[in-house]
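Dear colleague,

I am passing on the structure below for you to look over. Please read the notes after it alongside the model.

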Amino acid sequence: MNPAAWQSLEERMRELADLWRTSALLSWDQQTMMPPRGAEGRARATATLRVISHQRLVAPELGELLEEAAGDSLDPSRAAMVRVLRRERDQAVRLPDEFVRRLALASSRGQAVWQAARRDRDWESFRPCVEEMVELKREQADMLGHDGERYDALLDLYEPGMRTERVERVFAELASDLAVLIQAIADAPPLPEPPFAGSTFPDALQWDVTIRMLADIGFDFDAGRQDRSAHPFTTTIALHDIRLTTRIDESDPFSAFCSTLHEAGHGLYDQGFDPDYEDTPIAQAPSLGLHESQSRLWENLVGRSRPFWCRYTPVMHEVFGDAMRGAGPEEVYRQVNRVTPSLIRVEADEVTYNMHILVRFELELALLRGELAPADLPGAWNDAYRRRLGVTSPHVGDGVLQDVHWSTGAFGYFPTYTIGNLYSAILWRQIRQDLADVEGQVEAGEFEPLLGWLRERIHRPGYLHEGEDLIRQVTGSGLDHQPFMAYLWAKYGDLYDVRRSA
Ligand code: ZN
């Protein structure tokens, strides 16, 4: 490929990146700042931008440049840029502009309807949105192409190359192993209440601690910021513009700390791509599962560990004074790892969390297969929660309406959370081998070796390799639920004094 043709390809990549950034900024603003009545105007603006991006992506000139480049022998990073962009383009050309607009409008409007429905605990006002969205997603899957399993086409948008059948198999094994641990913990005496139960932890002080933690672990505030939102999330506008959000509950500071650490894991990843890849399709994670592995690693493997609380319990005493009276690191460690089957996914502990995902995966798969009608979703939800976790929501707000995903059409997204949990344990096992004293370092507040390890092996490569290939290169192991179960049994076996029977 001659240099002028490559330059022309690069210009098109840059333009796509700019359009994508603009959409990302609109979406961030919608979830943090926008007044409710701005929703309709925003839905239109977002849909227009989506259509423009789509038109740029399917432009025949880009197709020709990519074909030409694909026939050349390129260095590995350029070859990856071409591979990733061709893949995105091949998917895009199957969807007409008109469909892209319809989907974008339904997604934006659906999100606004969902917000009100959740607040009012009103399933009936939301039901038409789910019905419309399931139809749109079935249509989309058919246009993208599949071998009879529509869910495959949607899953592939978030977790390239992953198949429904494989997810079902891994999740089934995970579910049966988890059920044993959950039962063992349920049969064990509950952990004692902490001395700080009932204390108030002022909002402003909690905020300061979250900022301090972010700085300590290496989040670059010149290339990112933290704000507040009802549901914490991370939006990447650019390599040097990463937006995190958190939420604060004055009765439970660990909710904010854990959610800040979670989003920081996403943010550190996106601040860590090789700067040479900026404005190209490989300045992104290869899969959402891999992305989630980074957030879960910082939230759980680090942020719910004993060494982490040996470091931060004294900080809490210093900041919160009397509210922490009588509490040492062990009391905090136990509190952040209390296992309780509960209704809300985002507040779930590490042990029961994946059961919440299994429920959603099974329901959305049934919706896509046409085995479940949207109108029957609330009942099916309650049945699944009773079966998996033994709990029932008193109302739909904490039941079927608790997550934003279905309102925006993100069917196929939920499995990536569990894939991320499994990847995080596989990575952690390798980290403990490579950095023998990682726990001592965390306790000393030295996070650079850990961040450096992740930067080098996971963050910098961006989308140079497929997600599972990268995990395999780094750890020798692909997607597998065993390392995660081994981690859980070691940690919770000790906390609850339960043992895995042979
Ligand atoms: Zn996440």
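What follows is a summary of the overall fold and then of one histidine.

This is a predicted model, in which local features need pLDDT of at least 70 and side-chain atom pairs count only at pLDDT 80 or more, whereas totals for chains, interfaces and linings use all residues. Residues are numbered from 1 along each chain as its sequence is written, and side-chain values use heavy atoms, with hydrogens and water left out.

The protein chain holds 21 helices and 3 strands (DSSP runs, H or I of at least four residues for helices and E of at least two for strands, numbered from the N terminus). Its C-alpha trace spans about 70 × 50 × 50 Å along the principal axes, and its radius of gyration of 23 Å agrees with the value near 23 Å for a compact globule of 502 residues (taken over C-alpha atoms, the rule being 2.2 Å times the number of residues to the power 0.38).

Of the 502 residues, 56% count as buried (under 20% relative accessible area, with a 1.4 Å probe and protein chains only). Among contacts with a separation of 6 or more, 74% come from residues 24 or more positions apart, a contact being heavy atoms within 4.5 Å.

His 405 lies in helix H16, which covers residues 405–408, and is buried, with a relative accessible area of 8%. Apart from neighbours within four places in sequence, His 405 is in contact with Arg 345, Ala 410, Tyr 413, Phe 414 and Tyr 417.

How values were computed: Buried means under 20% relative accessible area, exposed over 50%, partly exposed in between (1.4 Å probe, protein chains only).
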